[in-house]
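My entries follow in the order in which I made them.

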Amino acid sequence: MTKYPTRMGDGHVIDMTADELKADLIAGSADAADRGRIPPLKDDEIDFLLDLFKSNARVVGVDSGNEVVLTHDIGTLRLDGDQGNSGVGIPLSRLQGVQVHERAFAADTMELGHVDYSWKPVKPIIAQEQQALENILLSTIVPIFYGAMPNLGTYYAPDGPFGNPSDLLPMGKIKEAREAQELAVEHATRDIVYICGKLAEVGADGVNFDTTGAAGDADFKASLQAVEQLKAKHPNLAIQVGMAGEFVLGIHGELEYDGTRLAGLYPHHQVGLVEKAGGDIFGPVVNTNTSKSMAWNLARAVTFVKAVTAVANIPVHVNMGMGVGGSPVFETPPIDSVSRASVAMVEIARVDGL
């Protein structure tokens, strides 16, 4: 019986028969459908994915005319960053990095970001970041975002002024842990609005809230509040909100936005709140299970994201890459996996961008 090379969720190569691939595709989609209470993939969609995995091509692509926009997170750090952070260690300035992406890589959009890639560390050096952004805007044409993570963890001890829920909760100090998170939400919202407002003043085309919700429901709440306040002050500033995971962790457990409890929300519910807040682009995340095949992971990811595009009224740029969107958990995901995942997201989930 013919076997086809594919990968596990951690990236290592395995061989599977067509029947084994199809069984995993069906099982992965069923898992997403059960968890999210959404429809599984249809038979013809499963067959489409099966053909992708049976293809002998190392790299696959969408049909001509079905190309989508690409947005980036981390931006120039992909070039000048260290290899432990998916970079390649090329000593380029951020301006040069943007120009390379625009003029050599033909990127649709590009992003500037601080090396720490969190909002809080940007505040003390906002004047320098304004200057860097302005210089880049004056020498490039491609739309420029400024990206960072809300990263509510930077507001907790030992780095921040508030108690750390990770320390307080194991001690049974639930009230204190919730109070710390509520204070962090207040301060993070204020900081993000201040920083993004300064970036808007020098002409930023947009801002990217990357890895939103990484610190749980309080992290998501701070981001939504910041988006709402930014849109009120800077209506022409494009705002992209990319999530950290498929499921909002209820570390606080009782926080709400616009009457909706944040803990436990899956992507097709997250997008509605991002829209209400004023977000212009939504980046859903579906996490990769390293112990499952890529077929299982990709079918699961596409099922979740298809449910997002079915209800979204704003563009959906699904998060793809290391450990998300059906790609293996590997710093530099193999192109055979990334291209198949990307095709599936475009042709089945009908995303607007990657």
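**Backbone entries**

I placed Asp258 in the loop between strand 7 (256-257) and strand 8 (260-261); helices (H or I, at least four residues) and strands (E, at least two) are DSSP runs, numbered from the N terminus. The model is predicted, so local features need pLDDT of at least 70 and side-chain atom pairs count only at pLDDT 80 or more, while totals for chains, interfaces and linings use all residues. Residues are numbered from 1 along each chain as its sequence is written, and side-chain values use heavy atoms, with hydrogens and water left out.

Asp258 is not a glycine, yet I read a positive phi of about 55° for it. Asp258 counts as exposed, at 51% relative accessibility (buried means under 20% relative accessible area, exposed over 50%, partly exposed in between, with a 1.4 Å probe and protein chains only).

I then looked up Tyr117, which also is not a glycine and has a positive phi of about 60°. Tyr117 sits in the loop between strand 3 (110-112) and helix 5 (126-139). Tyr117 is buried, with a relative accessible area of 5%.

I noted a cis peptide bond between Ala157 and Pro158, with omega at about 10°. Pro158 belongs to the loop between strand 4 (144-148) and helix 6 (165-168).

**Strand entry**

I checked strand 6 (residues 238-243) for burial: five of its six residues are buried, so strand 6 is largely enclosed by the rest of the structure. Strand 5 (residues 206-212) pairs with strand 6 in the parallel sense over five bridges; two strands pair if DSSP finds at least two bridges between them. I traced Thr212 to its bridge partner in strand 6, Met243.

**Helix entry**

I looked up how helix 10 (residues 294-311) packs on helix 11 (residues 335-347): the angle is about 30° and the axes are 10 Å apart. Axes are lines fitted to C-alpha atoms, for helices over the stretch in contact, and angles run from 0 to 180 degrees between N-to-C directions. That makes helix 10 roughly parallel to helix 11 (angles under 35 degrees count as such).

From helix 10, Met294, Leu298, Ala301, Val302 and Val305 meet Ser337, Arg340, Ala341, Ala344 and Met345 of helix 11; contact means heavy atoms within 4.5 Å. I sorted the residues of this contact into eight nonpolar, one polar and one charged (Ala, Val, Leu, Ile, Met, Phe, Trp, Tyr, Cys and Pro count as nonpolar, Asp, Glu, Lys and Arg as charged, and the others, Gly among them, as polar).

Notes:
Parallel < 35°, antiparallel > 145°, perpendicular 65-115°, else oblique.
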